[in-house]
Amino acid sequence: MTTARTSLESHLEHATNRHNLWLTALAIFIIITHFQWWWHGSGDQMNYLSIARHFALGEIARFDEPTLRYAPGYALIIAPTFWIMERPFLLINLIHTAFLLAMIRPMTRWFESYAGKASTLLTALVVVNLSLWFYTQRPLSEAVFVPWLILTGLLLQKSADAPRLSKALPWLIAAMLATILLVMIRQLGVFLLAALSVVLLIRTLQGTLRWWDAALRLTFTALPACLSIIALSHFEQANTEASTDNEMSYVDHLLREDVGLLERLALCTHLRISEIGRMMMPGMRTSYAQEGDWLDINMLIYSALFLLLAWGWWRIISRRADVLMWFLPFYLGFLLFWPYEAATRYAIPLLPMLVLALWGAVVPLKNRRLTILAVAATLHLLVTLGYWGIELTRMNTTAQWASAQAVADQTQDDPDSIVVRGVSTPWQYRLRFITNRNIAFARTDEQLKTSDARWIAVGDNKPAPPGWLEVSNIDNIRFYRRPDTKDPTLPSPHPVQ
């Protein structure tokens with residue numbers, strides 16, 4: 001048995017020597033699985049797309065609100081696609097593909113500095129991961145943030161490793177510019193600067209840098225990015241009073257007063273261990289325990305994996321002061337105070353670091369470590385391909401687009417007065433996308449009476465609103481108009497094309 005394992009390890013070691021072949025295969029995987037021209041939609045995707053459309057028109061807004069609520073960097077990157085197409089989902093995914101492809105080789109070299117020939121397997125574990133694929137083939141900032149986080153972290157590492165300030169200056173300039181863009185894509189990228197401060201402190205304590213040199217490097221890199229975050233926060237605060245959007249923002253979740261400190265820590269620790277486990281273990285993305293249930297079999301497995309990864313992380317940072325690896329505890333520490341559950345989405349920026357921590361944990365198993373990585377990568381690949389196949393079966397959304405477009409055409413003179421009831425979420429998102437408005441639900445007749453709505457789209461399984469006039473019935477979506485004939489300003493419906 002030992003001989004067979006040793007032989008398998010030898011074959012894997014020989015196979016991983018062919019870096020260019022494996023990296024090309026991973027690049028092809030990214031290109032094929034991200035070549036997607038359809039869209040299903042979600043809340044955050046709607047917001048990013050709306051901001052990008054306004055940017056493309058030279059405006060700063062989200063739907064019809066003056067506040068953004070989201071860092072503008074990602075929306076700025078995808079905004080030019082709206083100059084080319086009305087529904088530029090394929091173009092957006094091509095931008096995502098470009099960022100992911102740009103990440104592969106630098107990340108592999110980073111892995112290689114720790115894992116040598118195993119670097120291609122570690123890269124494969126990142127690239128074929130279901131969570132990374134799931135969120136990067138949708139209009140979400142992860143597709144840009146994660147690759148740019150890796151590239152920025154490596155630039156910051158170069159700026160810290162240079163022996164003299166004069167040698168560090170080109171890296172400092174590049175790192176400063178990259179960090180500004182990073183925090184404009186997502187403000188939490190600022191934790192890379194906290195990681196840089198730790199690395200510079202270690203360099204100072206080791207005597208390889210003088211304190212003033214380290215302080216200059218940190219100030220030069222961090223100050224512009226921090227000022228960018230402050231400017232963005234000032235803009236949001238200045239426009240908050242003019243906003244009519246009452247939905248909870250991510251900041252509101254962070255500032256919740258109904259959750260005490262100990263309760264918050266317990267809840268968030270449970271959430272984060274679960275998220276990391278669901279992301280790292282093949283096929284477990286949708287397997288989780290109820291909040292607070294530590295004895296669930298899933299949580300027992302995830303907790304054991306978390307401890308293993310923590311040990312591996314410690315082994316890695318004991319070897320070298322690494323900016324990206326020190327980013328992990330700062331970012332995770334923030335999540336421990338943020339009582340918000342979003343499947344595995346907000347654990348994705350930690351994926352490359354967790355994969356390297358996994359290597360740190362399995363590296364003592366000299367006759368099994370490559371086998372473990374190869375089996376894990378294969379299982380992740382099969383799961384991701386399975387989900388991709390499911391996505392392919394859902395690609396035909398022509399009918400939903402057609403009916404949503406028909407509703408939007410009939411109300412083009414009055415798009416702010418539409419509500420929906422009993423329609424599917426994907427259909428509502430299409431209507432919101434076409435009208436670029438935050439379409440509300442009217443779940444009861446009382447809500448409908450007290451609203452200013454003049455139009456309502458009703459799903460096939462819901463009753464008609466009492467007294468309203470039916471305008472059309474398209475693809476099981478019935479469309480009604482409020483019968484207010486005394487109001488001369490009430491627009492008439494446009495004919496269905």
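Guide: pLDDT is the predictor's confidence in each residue, on a scale from 0 to 100, and the structure above is a predicted model.

Visitor: What pLDDT does the protein average, and where is confidence lowest and highest?

Guide: Confidence is lowest in helix H12, residues 250-254, with a mean of 55, while it is highest in helix H4, residues 73-78, at 97. Of the residues, 92% score at least 70, and the average pLDDT of the protein is 87.

Visitor: Does the span of helix H11 agree or disagree with its number of residues?

Guide: Helix H11 covers residues 211-240, which makes 30 residues, and at 1.5 Å a residue these should span 44 Å.

Visitor: At which residue does H11 bend, and by how much?

Guide: A proline, Pro224, follows the bend within four residues. The bend itself is placed at Ala222, and its angle is about 35°.

Visitor: Is Gln157 buried or exposed?

Guide: Gln157 lies in helix H8, and, leaving aside neighbours within four places in sequence, Gln157 is in contact with Val199, Arg203, Ala321, Asp322 and Val323. Its relative accessible area is 6%, and since a residue under 20% counts as buried, Gln157 is buried.

Visitor: Is Glu341 buried, exposed or partly exposed?

Guide: Glu341 has its place in the loop between helix H15 (323-335) and helix H16 (351-362), where, apart from neighbours within four places in sequence, Glu341 is in contact with Leu271, Glu275 and Arg278. Its relative accessible area is 35%, which falls between the cut-offs of 20% and 50%, so Glu341 is partly exposed.

Visitor: Which residues does Thr397 touch, not counting those up to four places away in sequence?

Guide: Thr397 is found in the loop between helix H17 (369-393) and helix H18 (398-410), and at 9% relative accessibility Thr397 counts as buried. The residues that Thr397 touches are Trp39, His40 and Arg430.

Visitor: Which residues does Thr33 touch, again without those up to four places away in sequence?

Guide: Thr33 belongs to helix H2, residues 19-33, and with a relative accessible area of 3% Thr33 is buried. The residues in question are Trp133, Gln137 and Trp388.

Visitor: In the open sheet, which strands are the edge strands?

Guide: The open sheet is formed by 5 strands with mixed pairing, in the order S2-S1-S3-S5-S4. An edge strand pairs on one side only, and this holds for strand S2 (440-441) and strand S4 (469-474).

Visitor: In which sense do S1 and S2 pair, and which residue stands opposite Val419?

Guide: Strand S1, residues 418-421, is joined to S2 over 2 bridges, and the sense of the pairing is parallel. In S2, the residue opposite Val419 is Ala440.

Visitor: Which strands does helix H19 touch, and what angle does its direction make with that of S1?

Guide: Helix H19, residues 425-435, packs on the sheet, where it touches S1, S2, S3 and S5. The angle between the direction of H19 and that of S1 is about 170°.

Key. Residues numbered from 1 in each chain as written. Predicted model: local features only at pLDDT ≥ 70, side-chain atom pairs only at ≥ 80, totals over all residues. Heavy atoms only, no water. Buried < 20%, exposed > 50% of the residue type's maximum accessible area, 1.4 Å probe, protein only. Contact = heavy atoms within 4.5 Å. Expected span 1.5 Å × (residues − 1). Bend = angle between axes of the 7 residues up to and from the residue. Pairing = 2+ DSSP bridges. Axes fitted to C-alpha atoms, helices over the stretch in contact; angles between N-to-C directions.
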